Amino acid sequence: MHIPDNYLSPATCAVMGVAMIPAWKVSIQKIRQEIPKEKMAFLGVGAAFSFLSMMFNIPLAGGTTGHAVGGTLIAILAGPYAACISVTMALFIQCLMFGDGGVLAFGANCFNMAFVLPFVGYFVYTQVKRYWKGKYGEQFAAGFGSYIGINAAAFCAAVEFGIQPLLFKNGAGNPLYCPYPLSVSIPAMMIGHLTVFGAAEVVYTVAVLGFMKKVNKDTNYTKVKHTSKAVYALLAALIVCTPLGLLAAGTAWGEWGSDEIASVVSKGSTLGFIPEGMKHGFNYRALFSDYVIAGMPAWIGYMISAIIGTAIVIILFKIISTFMKNKVEFDL
Amino acid sequence: MIQNDIPDWLKQTQQYTPQKDKNKFIEKTQNGLLRILAKIKMQSEFGGKKIPSPAIALFVLFEMIFLTVLSKNLQFVFLLLGILIVYLAFFPAKMIRNIILEVCSGVTFAFFFSLPAYLMGNHYTMQQLVLKTAVTVCSVAIFTHRIPFYRLSHTLSKTPLSDTILFIFDITLKYLVVLGRICTYMTEALKLRSIGHNRKKQNTAAGILGVTYLKSQAMSKEMYQAMACRGFDGTYQSYGKHKWIINDAALLVAGVLILVVFIVL
């Protein structure tokens, strides 16, 4: 679901970026009000969970891959505003350091995965939880919420892809950016997310939530006094398992490089050309592009990338916490 | 009976509104002193028993700096930076901010230093210089924040350094805190007693330093007498023993791994 650069027109990227500004502003204000300074580190842990979940690529028939995002999970644990900022941070590190998702398309990726996903997922979760108060009510609500959340985000990404050929064409009528219209992009994105990737998000959310509940008893993590060692152990276990994401060969739909796109087969026909906007577009070279470290086996590079990414996310949130004022909590 | 009348001028109500005065000089001095004291205090608060052996830490620090400077492979330098970032993630938030600030200032300097080379088309020099500066400054900053000064002097005592040098080093660190506190109290007192616009305030800086010097003289005499009473004969010995902890082993393994990666890459 990470939209690379040059798939969306600069105008679309700018609109999505501007649309995210109020979402970030309100989220930061809410975090300042609701989350005490010393619990800010948990947002880093949440962002690390999201970062790692996006590294587990799952293969799908047809050679494409996808992944879970974990946005609804963080929204349940720390609130949707915290989830918005946590996933934003994870996406920021991914695009800047590992070239996963475009720099120009950062606003669009944040809109889909850091705004639509956690807010829709959390809303569905709260509604379902309200009506189903049984033994497994919370797990079901979390699973269902995460499923709807990731599909809503995928749908938004599909629409963003699909409107490009309608809006941006050259003199010859060829698309300048993403060449696939809504009739192709929506089914291509949604089939995977309604089935395998949606299921992966559900499994990831329910499993980690179950673990958190077992360890902390309280699902609302902002009320838990300390991030327990078990949570860090889970993070470490996820890092060790990240090379599993390499088993899925192929590129996710809509994430091809400009060298790949000409040979992509869609609805039985090969595209056969590179859209102009992609050929002469913005090209950012990330530090560890595609989680690869030159001179090292792919799996070691992937794992090192996971470790460094997780550490950076935690450090960022720790630094942010130093700028926050101390708050007295009377409810503990 | 003698009646003491209150003079009229004393009966008058006066409304004294002191003129506003800037305390920049005092505040700056105070902040500088407090920052040093806070750094020393933070060092002793973080880690406690988990502080790794300063000798091993010093060895790994030198190894990292040496290999970074020696390396022509940017991937190796990136990896070292990655290791430092991961280690840094376990530090308290305030310490992380301080270390990052130190690294940023070093990196900014290196950036401007290599800017002419970059503008003339040599991009590699800038990458190399900025990255290597980031790694070396970060490793030194982590070391100074992680290993308390008092443990450092303990480690240095095991080296063939002269006793006199060690003694001066140790006493300097200890009295930095004691005299620093005295200075802070005096600047605080000056701030509180100075009412209204006071132009002579800056001149008192010499006074504060003078009093601090006199205090240090008195303290050094007291310390010498106390040490003489305890049988000090000029030999400076350190009696504290470092117990082997898991952090030492982890640090050693990291040191060996860094060397292996350097050779492989």
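This is a predicted model: local features need pLDDT of at least 70, side-chain atom pairs count only at pLDDT 80 or more; totals for chains, interfaces and linings use all residues.
The space in the largest cavity is about 30 Å³.

The lining of the largest cavity consists of A:Lys30, A:Ile31, A:Glu34 and A:Ile35, together with A:Ala78, A:Gly79, A:Pro80, A:Tyr81 and A:Ala82. Two helices of chain A, H1 (10-34) and H4 (80-98), each contribute at least two residues to this lining. Sorted by class, the lining residues of the largest cavity are six nonpolar, one polar and two charged.

## Second largest pocket

The volume of the second largest pocket is about 1,400 Å³. A total of 39 residues line this pocket, and those closest to its centre are A:Met97 and A:Leu287 from chain A, with B:Phe78, B:Leu81 and B:Leu131 from chain B.

Elements of both chains give two or more residues to the lining of the second largest pocket: H4 and helix H12 (298-322) of chain A, and helix H4 (74-88), H5 and H6 of chain B. By class, the lining of this pocket comprises 31 nonpolar, seven polar and one charged residues.

## Helices H3 and H5 of chain A

Helix H3 (residues 71-78) and helix H5 (residues 106-131) of chain A have axes that come within 8 Å and cross at roughly 60°. H3(A) and H5(A) are therefore oblique to each other. The crossing in which H3(A) passes H5(A) is right-handed.

On the H3(A) side, the contact involves A:Gly71, A:Thr72, A:Ala75 and A:Ile76. These residues meet A:Leu117, A:Pro118, A:Gly121, A:Tyr122 and A:Tyr125 in H5(A). The contact of H3(A) with H5(A) divides by class into six nonpolar, three polar and no charged residues.

## Helices H5 and H6 of chain B

In chain B, the axes of helix H5 (residues 93-119) and helix H6 (residues 123-146) come within 8 Å, with a crossing angle of roughly 155°. H5(B) is therefore roughly antiparallel to H6(B). The two helices, H5(B) and H6(B), form a right-handed crossing. In the contact of H5(B) with H6(B), 18 residues are nonpolar, seven are polar and one is charged.

H5 and H6 of chain B are also among the elements that give two or more residues to the lining of the second largest pocket.

## Helices H7 and H8 of chain B

What angle do helix H7 (residues 149-156) and helix H8 (residues 163-193) of chain B adopt where they pack? The angle is about 175°, and the axes of H7(B) and H8(B) lie 10 Å apart. This angle makes H7(B) roughly antiparallel to H8(B), because angles over 145 degrees count as such.

From H7(B), the residues that make the contact are B:Phe149, B:Leu152, B:Ser153 and B:Leu156, while H8(B) provides B:Leu166, B:Phe169, B:Asp170 and B:Leu173. By class, six residues of the contact of H7(B) with H8(B) are nonpolar, one is polar and one is charged.

Technical notes:
Residues are numbered from 1 along each chain as its sequence is written. Chains are lettered from A and ligands numbered from 1 in the order in which they are written. Side-chain values use heavy atoms; hydrogens and water are left out. Axes are lines fitted to C-alpha atoms, for helices over the stretch in contact, and angles run from 0 to 180 degrees between N-to-C directions. Helices (H or I, at least four residues) and strands (E, at least two) are DSSP runs, numbered from the N terminus. Angles under 35 degrees count as roughly parallel, over 145 as roughly antiparallel, 65 to 115 as roughly perpendicular and the rest as oblique. A crossing is left-handed if the near helix is turned anticlockwise from the far one by less than a right angle, and right-handed if clockwise. Contact means heavy atoms within 4.5 Å. Ala, Val, Leu, Ile, Met, Phe, Trp, Tyr, Cys and Pro count as nonpolar, Asp, Glu, Lys and Arg as charged, and the others, Gly among them, as polar. On a 1 Å grid over the protein atoms alone, a cavity is a set of points where a 1.4 Å probe fits but cannot get out, and a pocket is an open set with protein on both sides within 12 Å along at least five of seven lines; lining residues have an atom within 4 Å of a point. Grid points are joined across faces, edges and corners, and a volume is the space filled by probe spheres set on the points.
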